[in-house]
Amino acid sequence: MLLKKGVNDQKWNLVTGDKKAIYSMARKSYLAVKLGKPSELYDMVHTENFVLVDTKRRVRGFYDGTKKEEIQRLIEDINWLLTQE
């Protein structure tokens, strides 16, 4: 199904909820971005990084989304993780 802004929900899992909680989780729980200045704490979180998180909310890997070999490693790790759960 195509959602608002042209997002295909067959390709993406989107996080929804309280903005402050989501940004805090991205910065602190999954270490997706550097903390930065206090004034930037609730700015939009976008980086080149992908973080693989399992169904038990454990971080299983970090990947640079700008590098083909890292994306291939992510795909391989996802497939391996699917066999483990």
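Helices, of at least four residues, and strands, of at least two, are DSSP runs numbered from the N terminus. On that basis, this predicted model contains two helices and two strands, arranged along the sequence in the pattern α-β-β-α.

**Chain as a whole**
- Of the 85 residues in the chain, 19% are buried.
- The accessible surface is about 7,200 Å², and carbon and sulfur atoms contribute 55% of that area.
- Among contacts with a separation of 6 or more, 15% join residues 24 or more positions apart.

**Helix α2**
- Helix α2 covers residues 68-84, and its 17 residues should span 24 Å at 1.5 Å a residue; the end C-alpha atoms lie 25 Å apart, which agrees.
- The buried residues of α2 are E70, L74 and L81. Viewed down the helix axis, the buried residues fall within an arc of 45 degrees, so they line one face of α2.
- An α-helix has 3.6 residues a turn, so residues three or four places apart point the same way.
- The buried residues of α2 pack against β1 and β2, whereas K68, E69, L82 and T83 are exposed on the other side of the helix.

- Although R57 is not a glycine, its phi is positive, at about 65 degrees.
- Most residues other than glycine have a negative phi.
- R57 counts as exposed because its relative accessibility is 68%, and the cut-off for exposed is over 50%.

Methods
Residues are numbered from 1 along each chain as its sequence is written. This is a predicted model: local features need pLDDT of at least 70, side-chain atom pairs count only at pLDDT 80 or more; totals for chains, interfaces and linings use all residues. Side-chain values use heavy atoms; hydrogens and water are left out. Buried means under 20% relative accessible area, exposed over 50%, partly exposed in between (1.4 Å probe, protein chains only). Contact means heavy atoms within 4.5 Å. Accessible areas come from the Shrake-Rupley method with a 1.4 Å probe; for residues, only the protein chains shown count as cover. The expected span of a helix is 1.5 Å times one less than its number of residues. The arc is that of the directions from the helix axis to the C-beta atoms.
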